[in-house]
Amino acid sequence: MNLLHPVNEAEVVAGFLRNEFYQADYDHDRTRFESLVNQPDLNDARQNALRRALLFRRRGHMWRELPADTRWWRVNIGPEDVHRLKIFPRAQWLSIGGGDFGAENIVRRIRANDYPERAESYVRKIQSIGSALAQNANSGPILMIGINDSEPMVVLEGNHRVTAALLESPQRLASLELYCGLSPRMAECCWYRTNLPSLWRYLINRLRNLHDREADVERLLRETGATVAPSAPGSTNDVGGSPWKADSLSRAQR
């Protein structure tokens, strides 16, 4: 893995939120915050705080598990790095991986149709994302985490796109926008290494944040005096610029 250049947390949060903006949590105020999400001014501290609050509405529990000293980098991954890449095991990934969540193993099992029948619709979704990636160069960032640039990496956001790209070829992965958060303490994070101590820490954090003050967007607007620019008239971008997620949302609504 090549570390191309450091990126600040505000840029990573903006990209993560853009990927998430199609979710139902944002249905009631998507138009209100569309410009904030899709045309971010990363030099505006109030905008950055609002985007963080919006992201925390869905992903605060995830972000808080990352070590405080996590540093983010724009990276490039070559075919020689794929053996160190792991998919975070959740939902249907559990049945597709069969206990091994290395990206290489998951791709091999999909190609060999070596997965339970109940995962078939999930696999078809991954394959459809591959077609969308080929037609859309700006698909939003992939977020990974690791200890350093030589240890295994776990995909935090973008499991489907990483798998879809690798199903085409290892070289296809290099064309994606890849961010990696590195910390020597990353093994303490349950998203990187799932064990009893890391899960207990996660549970305590969830209990402490049953009411997530950091996700209270209205409070932040009042306290900072920040304003939200209205979306352009006739705007139809309701999914944060993620075309395959737009398809998923449309299907869910039908």
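Colleague: Where is Gln23 found?

Modeller: Gln23 is in the loop between α1 and α2 (30–38), with helices taken as DSSP runs of H or I of at least four residues and strands as runs of E of at least two, numbered from the N terminus. Bear in mind that this is a predicted model, in which local features need pLDDT of at least 70 and side-chain atom pairs count only at pLDDT 80 or more, while totals for chains, interfaces and linings use all residues. Residues are numbered from 1 along each chain as its sequence is written, and side-chain values use heavy atoms, with hydrogens and water left out.

Colleague: Is Gln23 buried or exposed?

Modeller: Gln23 counts as buried because its relative accessibility is 17%; buried means under 20% relative accessible area, exposed over 50%, and partly exposed in between, with a 1.4 Å probe and protein chains only.

Colleague: And what is Gln23 in contact with?

Modeller: Leaving aside neighbours within four places in sequence, Gln23 is in contact with Arg30 and Arg58, where contact means heavy atoms within 4.5 Å.

Colleague: Why is α1 described as largely enclosed?

Modeller: Because 9 of the 12 residues of α1 are buried, this helix is largely enclosed by the rest of the structure.

Colleague: Switching topic, how do α5 and α7 cross?

Modeller: The axes of α5 (residues 103–111) and α7 (residues 159–168) come within 10 Å and cross at roughly 65°; axes are lines fitted to C-alpha atoms, for helices over the stretch in contact, and angles run from 0 to 180 degrees between N-to-C directions.

Colleague: Which residues meet there?

Modeller: From α5 they are Ala103, Ile106, Val107, Ile110 and Arg111, which meet Thr163, Leu166, Leu167 and Glu168 in α7.

Colleague: What about the largest nonpolar core, how many residues does that have?

Modeller: That core has 35 residues, and those with the most contacts inside it include Trp63, Trp72 and Leu143; a nonpolar core is a set of buried Ala, Val, Leu, Ile, Met, Phe, Trp, Tyr and Cys residues joined through side-chain atoms within 4.5 Å. Helix α3 gives the most to this core, with 7 residues.

Colleague: What does Trp72 touch?

Modeller: Not counting residues up to four places away in sequence, Trp72 touches residues including Pro6, Val12, Leu66, Ile145 and Tyr179.
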